[in-house]
Structure formats: structure tokens, C-alpha cells
Amino acid sequence: MGYLSSLLNRKYRGYGEDRYAGIQKEYADFLIAEDEEVREIRTVLFPLDYFVRSVPDEVYSLLKLYKAEITLIYVTDSDIAGQIKDTLGECAMNSFLENRESYGRELLDKISHELSERDLKAAARMITGDISQTVENIAKDYDLIAVSKSYGGGRCRGNEMSPLSQRLVHNMKTAALIY
Amino acid sequence: MITIETMIAVGIFLITYALIIDERIHRSVAAMAGAGVLVFVGIVPWDSVLEHIDFGTIFLLMGMMIIVNVASQSGLFEYLAIRTAKAAHGSPVRVLILFALVTAVTSAFLDNVTTVLLLTPMLLYIAKVMKVNPVPYLIAEIMASNIGGMATLIGDPPNIMIASAANLTFNEFLFTMAPIAAVDLAVVLIMFILIYGKIMKVEPSEQANIKKTIDQLDENNAVKDRKLFNKAIATLIIVVCLFFIHSNIGEYLHVILPFIDSSMTLEPAEVALIGAGLILIWSRVQPDKIFEKIEWTALFFFGGLFVLVGGLINTGVITDISLFILNYVHTTGEAMFIIAWFSAIASAIVDNIPLTAALIPLIQDIGAESSTINIYPLWWALSLGACLGGNGTAIAASANVVVLGISDREGIKITFFDFLKIGLLVLFVTVAIGLGMLYIMF
């Protein structure tokens with residue numbers, strides 16, 4: 001067995017090993033490497049929260065090119081709600097959730113409307129939970145995630161992206177569109 | 001009575017063939033060293049060395065190497081590979097069939113090593129995109145190359161050697177061997193679909209994705225020089241046309257140029273050299289770069305083999321073997337059977353080129369010694385066995401070695417015995433079909 005495989009190797013070296021190396025280089029010029037492949041975008045996840053105020057027109061234009069199914073999710077931060085409950089009581093927490101969800105509904109309606117004006121249809125969901133983990137879990141089933149630089153809050157001078165949007169882009173395997 | 005010269009000639013012949021099989025010493029060096037010893041001891045006198053070397057074969061190979069090297073600089077083969085990949089529309093079975101067909105047709109007109117070297121990277125790429133096991137595709141490519149090479153005079157070195165020795169024309173080869181190659185290829189593809197069909201499946205939704213990925217490849221990017229590309233295609237068409245009419249070219253030329261003798265013919269080697277000259281003049285490619293790429297080692301290998309076999313002829317070994325065979329073989333049918341199966345099985349062990357070199361003078365001697373055996377069908381039986389024997393084992397033909405070598409470098413394991421299992425099956429089925437068709441023809 002060892003003899004036969006080394007015999008095959010010897011013969012290959014004599015027949016075409018050098019030529020193949022040259023041919024491989026030429027093919028590399030026009031074959032698309034795995035990381036260069038343009039993946040088809042059929043589903044887009046659009047996470048929104050209190051800190052996302054608007055979506056630029058350029059993002060809508062790009063989404064129109066994909067002709068993908070868009071899902072808008074508004075995530076209310078359960079951690080903050082928990083902290084409010086611990087410090088100010090359940091009533092304050094309920095008021096907080098009510099305000100945020102009301103804002104969320106308005107934002108979802110606004111963005112859904114802007115999408116429909118551009119012939120893009122979107123499903124909308126309201127979620128309360130961990131604003132990072134929830135998005136990471138849901139995004140696994142999507143081809144693209146469109147993340148605002150403000151998502152999760154915490155943007156400041158010298159830090160163009162919020163810590164949460166940076167974390168999402170860094171951790172996820174799903175392709176990301178940052179706006 | 002066995003003389004000392006006979007023993008030396010047979011000994012050197014066997015040792016050289018063993019070295020060629022083993023390849024610890026390069027086969028060209030082994031063949032030349034064996035030939036050198038024969039000349040040194042006087043078994044093949046220096047004056048007769050050139051008589052034994054078949055320059056028809058060597059110049060035909062050289063001419064075709066020049067044409068192929070210039071054509072490959074244009075990106076023609078990569079272009080062909082991408083077009084084939086796109087035509088499959090992401091279907092694994094269609095990839096198998098189309099690549100086998102393209103490999104077979106290309107191998108029928110160009111050398112098998114260049115064909116598989118240029119098509120294998122694309123095949124590996126598609127298998128990766130389809131996320132299917134590449135092994136059936138690679139083995140099918142090998143089989144298609146060996147079967148396709150059998151179809152024409154210029155498809156495989158054994159055919160070139162046989163045609164040169166027996167004065168067979170391109171069209172005789174085409175009309176006799178191409179139908180056998182077509183039937184054999186169809187049967188082999190059916191066998192592959194039956195054997196490997198289960199692992200060559202993708203989901204319909206995946207197929208659309210595969211098609212999209214392959215469609216992103218632009219065949220025009222593969223064309224490095226559009227003018228050279230067009231000239232290469234034109235030259236290949238001219239050369240193939242000349243091959244079609246090489247045996248009666250005078251009849252055509254006489255109509256246009258009456259001073260040309262209508263009985264004029266062109267040897268296949270002349271056609272190849274005309275094509276080589278034409279493409280070099282027309283393309284203005286630097287000839288030194290092209291001449292560097294001629295496989296001189298292969299040409300010297302052929303030269304050495306012819307001298308080695310010359311040693312057996314000079315010492316009467318070939319005549320003795322043919323007389324021995326004629327004691328047992330009395331009809332053309334029996335001789336065809338023995339030549340086809342012996343050359344097929346022996347080609348699977350020894351490279352088919354040295355085997356053909358040794359069997360050609362044997363058939364010529366059988367023709368000279370026997371009044372009952374017609375050697376014309378024996379040439380076809382030899383072509384059938386020598387070309388299809390190449391499918392038997394991993395080392396039986398150059399295409400096998402190249403594809404298996406590439407797959408090994410790419411981390412795809414096809415062991416000698418993996419190949420042997422399917423190779424021997426294909427060998428026996430295709431030779432049996434081919435021999436049956438030859439019996440019907442003759």
C-alpha cells in the first residue's frame with residue numbers, strides 16, 4: 001500500500017506536478033474563492049430599539065436590490081426593566097415598558113410605512129429580552145442583519161459605533177449591514 | 001537456440017520496463033539508458049538506431065504539443081471548462097455527463113495529460129460548490145479521457161504509434177474507434193450514475209444556489225488574449241480538417257491547383273507540424289517559450305523505447321514470440337481476442353506506451369509469418385486494449401496519474417485499491433463491448 005502510493009506520487013511528479021501549479025495560479029485569477037462568493041440575501045433582520053431613531057434612504061435602496069423578506073424587531077431591554085423594578089418598583093417598570101413599547105410600535109409603523117413606500121414588505125415583532133442575546137439568537141436564521149450604529153445606545157464622540165452594535169458585528173456569522 | 005545477444009536484449013528490455021513501471025528513475029532516463037546499453041554492446045548498431053526510431057510518432061507528438069501549448073496560453077481550455085460548468089445548471093448528474101463528454105472529445109484531439117490538467121481544477125471547484133464528493137467526478141474524468149483518446153489517431157500515443165506503423169489514416173481511426181468510444185462512454189456513464197447516483201444529489205433549492213454561484217464565473221475573464229484565442233480555435237479547426245483529408249488531400253488540392261498531383265497525401269506528422277508552424281507564425285508567440293514547454297522527456301522516452309524494441313527485433317525475439325503465438329492461434333478472431341485482452345490487462349500494469357511499442361513489431365511479424373491471419377483488425381484490437389487498459393489501474397495511463405496526483409494534493413484520498421475496484425470493472429466491460437463491436441465490423 002505504501003509502495004503503491006509512493007509509486008503514484010513519483011509518477012505524478014514526473015507527469016505534471018509543475019504544470020499543475022502553474023494552472024492552479026491561472027485558475028485562481030478567475031475562480032471565486034469561498035470568502036469572495038456573493039451569497040444570496042433572501043432574508044433580512046432589522047433590529048430596532050429605543051436608540052434607533054431613523055433609517056437612511058441608502059439602506060432602503062440597498063434592501064430594494066436584494067428583494068428579500070424583511071423582519072423588523074423592536075427589542076425592549078429586559079435588564080433595564082429589571083433594574084427599574086428593583087429600584088423604583090413594579091409600577092414604575094410597567095410604566096417604563098408601556099412607554100418603550102409605545103415608542104417601539106410607532107417606530108415599527110414608521111419604518112414599515114417607509115418600506116412599503118418603496119414597495120418593500122416587512123413583518124414586525126415586538127420582543128422584550130436581552131437586547132444583544134435576543135438579536136444574536138434570531139439572526140442565525142437570517143442571511144443579513146441591518147444594524148444601526150446606535151443600537152443599544154452608548155455612542156459618544158470618538159466611538160462611532162455603540163458597544164452593542166460592535167459586539168453584534170464581531171460575534172455573528174451572519175453578514176451585517178451597518179448604518 | 002538462445003544466443004547471448006538474445007539474453008542480453010531480453011534482460012535489458014525487462015530491466016528497463018521494470019524501471020519504467022517503478023519510476024524511481026525517470027522513465028525517459030530508464031528508456032534512454034536501456035537503449036544506450038543496447039547500442040554500446042552492438043545489439044542495435046549505431047547505424048541502425050535511426051531506422052528503429054519512428055519519427056512519424058515523435059514529430060506528430062511534437063507538432064501537437066506546440067499547438068496545444070500555444071492554444072493553452074490563450075485561456076481556451078479554462079474558457080471551455082467554465083462554459084461546461086455553466087451548461088450543467090447546478091445539476092450534479094449533468095456535471096458528471098457534460099464534463100465526461102467534454103473531456104472525451106478534448107482528449108480525442110489533444111493530449112490526455114493537458115486535457116485533465118486543465119479541466120480538473122474546475123471539476124474540483126464545482127464539486128466544492130455543490131458540496132458533493134468529488135471522487136466519482138474525478139474517476140469519470142479519467143475514464144472519459146482514456147476512452148475519448150481511443151477515438152482518433154491523435155487521441156492517445158498508442159494510436160499514434162499504431163497508425164504510424166500500420167499506415168492507418170485519421171478517418172479509418174475515426175470510423176472504426178470513435179463509435180466504440182461513444183458506446184463505451186455511454187455505458188460507463190450509466191454505470192457511474194447507477195453506482196454513485198445516491199451521493200450525487202442536491203436539494204432543488206440548493207441547485208438554484210449552485211447555479212447562481214457558477215453563473216457568477218465569467219468565461220471571458222479566462223481568455224487572456226482574445227486575438228490568440230481566436231487564432232488558436234481557427235488553427236485547431238484547420239488542423240482537424242487537414243487530418244480528415246490528409247490521406248487524399250491531393251484530390252482536393254488538384255481541383256484548385258491543377259499542377260498538384262492528385263495522389264498526393266500528407267502524413268499525420270506533417271499535418272501536426274504544419275499546424276504548429278501555422279500557429280507560431282500567426283500568433284507571433286515567442287517560439288523559445290513554446291519550445292521550452294515541449295515535453296522533451298516524453299519524446300526521448302519514445303526514442304529510447306523504439307531502440308529497446310529494436311534490440312528485440314534484431315535478436316529475433318519478436319519473431320520467436322510471434323511463431324510461438326502462431327502455434328496456438330490460427331484465426332483472425334482468435335488473434336484479435338488475444339491481442340485485445342492481453343494488451344488491456346498488460347496496459348493496466350505496464351504503461352500502455354511501452355506495451356504498444358513492443359506489440360507493434362509482434363503484430364507485424366504475425367502478419368509476415370501467417371497466411372491465415374489478417375492483421376488489419378489486429379491493429380484495432382491493439383488500439384482498443386492499449387487505450388482501454390489505461391482505465392484498469394491507477395498507474396496504467398498518464399491521465400490517471402495526473403488526476404490522482406492532483407486529488408492527493410487537494411486532500412482527496414483515492415487509494416490504489418479504490419481505483420482498482422472501479423477501474424477493473426470499467427476495463428472488462430468496455431473491452432468486451434469494444435471487442436464485440438470489432439467482431440461485428442470485421
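Tutor: A helix is a DSSP run of H or I with at least four residues, and a strand is an E run of at least two, with numbering from the N terminus. The model before us is predicted. By that definition, chain B has 23 helices and zero strands.

Student: Which helices and strands does chain A have?

Tutor: Chain A has seven helices and five strands. Their order along the sequence is α-α-β-α-β-α-α-β-α-β-α-β.

Student: Why is chain A called more spread out than a compact globule?

Tutor: The radius of gyration of chain A is 25 Å, whereas the globule rule gives 16 Å for 179 residues; the value is well over the rule, so chain A is more spread out than a compact globule. Along the principal axes, the C-alpha atoms of chain A fill a box of roughly 80 × 40 × 35 Å. Buried residues account for 27% of the 179 residues in chain A.

Student: How do you know whether chain B agrees or disagrees with a compact globule?

Tutor: A compact globule of 442 residues would have a radius of gyration near 22 Å, and chain B has 22 Å, so the value agrees. The C-alpha trace of chain B spans about 75 × 55 × 45 Å along its principal axes. Of the 442 residues in chain B, 52% count as buried.

Student: What makes up the side of chain A that touches chain B?

Tutor: In total, 24 residues of chain A are in contact with 28 residues of chain B. Two helices of chain A, α1 (2-15) and α2 (17-28), each supply at least two residues of that side of chain A. The largest share, ten residues, comes from α1(A). By class, the side of chain A that touches chain B has twelve nonpolar, five polar and seven charged residues.

Student: Why is α1(A) called roughly perpendicular to α22(B)?

Tutor: Two packed helices are described by the angle between their axes and the distance between the axes. Helix α1(A) and helix α22 (residues 398-409) of chain B pack at about 105 degrees, with axes 9 Å apart. Angles of 65 to 115 degrees count as roughly perpendicular, and α1(A) is therefore roughly perpendicular to α22(B).

Student: Which residues of α1(A) and α22(B) meet?

Tutor: From α1(A) come A:Leu8, A:Asn9, A:Lys11, A:Tyr12 and A:Tyr15, which meet B:Ser398, B:Val401, B:Val402, B:Leu404 and B:Gly405 in α22(B). The residues of this contact divide into six nonpolar, three polar and one charged.

Student: What makes α7(B) and α22(B) roughly parallel?

Tutor: The axes of α7(B) and α22(B) come within 8 Å and cross at roughly 25 degrees. The cut-off for roughly parallel is an angle under 35 degrees, and α7(B) and α22(B) are therefore roughly parallel to each other. Their crossing is right-handed. The contact is made by B:Asn112, B:Val113, B:Val116, B:Leu117 and B:Thr120 of α7(B) with B:Ser398, B:Ala399, B:Val402, B:Val403 and B:Ile406 of α22(B). The residues of this contact divide into seven nonpolar, three polar and no charged.

Student: Why are α5(B) and α7(B) called roughly parallel to each other?

Tutor: Helix α5 (residues 76-87) and helix α7 (residues 112-130) of chain B have axes that come within 9 Å and cross at roughly 30 degrees. With the limit for roughly parallel at under 35 degrees, α5(B) and α7(B) are therefore roughly parallel to each other. Helix α5(B) passes α7(B) in a right-handed crossing. In α5(B), B:Phe77, B:Glu78, B:Ala81, B:Ile82 and B:Ala85 meet B:Leu118, B:Leu119, B:Met122 and B:Ile126 in α7(B). The residues of this contact divide into eight nonpolar, no polar and one charged.

Student: Why is B:Phe302 called buried?

Tutor: A residue is buried if 20 or more other C-beta atoms lie within 10 Å of its own. B:Phe302 has 23 other C-beta atoms within 10 Å, and B:Phe302 is therefore buried. This residue has its place in helix α17 (residues 296-314) of chain B.

Student: With which residues is B:Phe302 in contact, leaving aside its neighbours within four places in sequence?

Tutor: With those neighbours left aside, B:Phe302 is in contact with B:Thr57 and B:Ile58.

Note on methods:
Residues numbered from 1 in each chain as written. Chains lettered and ligands numbered in written order. Predicted model: local features only at pLDDT ≥ 70, side-chain atom pairs only at ≥ 80, totals over all residues. Rg over C-alpha atoms; globule rule 2.2 N^0.38 Å. Buried ≥ 20, exposed ≤ 12 C-beta atoms within 10 Å, placed from the backbone. Axes fitted to C-alpha atoms, helices over the stretch in contact; angles between N-to-C directions. Parallel < 35°, antiparallel > 145°, perpendicular 65-115°, else oblique. Left-handed = near helix turned anticlockwise from the far one by under 90°. Contact = placed C-beta atoms within 7 Å. Nonpolar A, V, L, I, M, F, W, Y, C, P; charged D, E, K, R; others polar.
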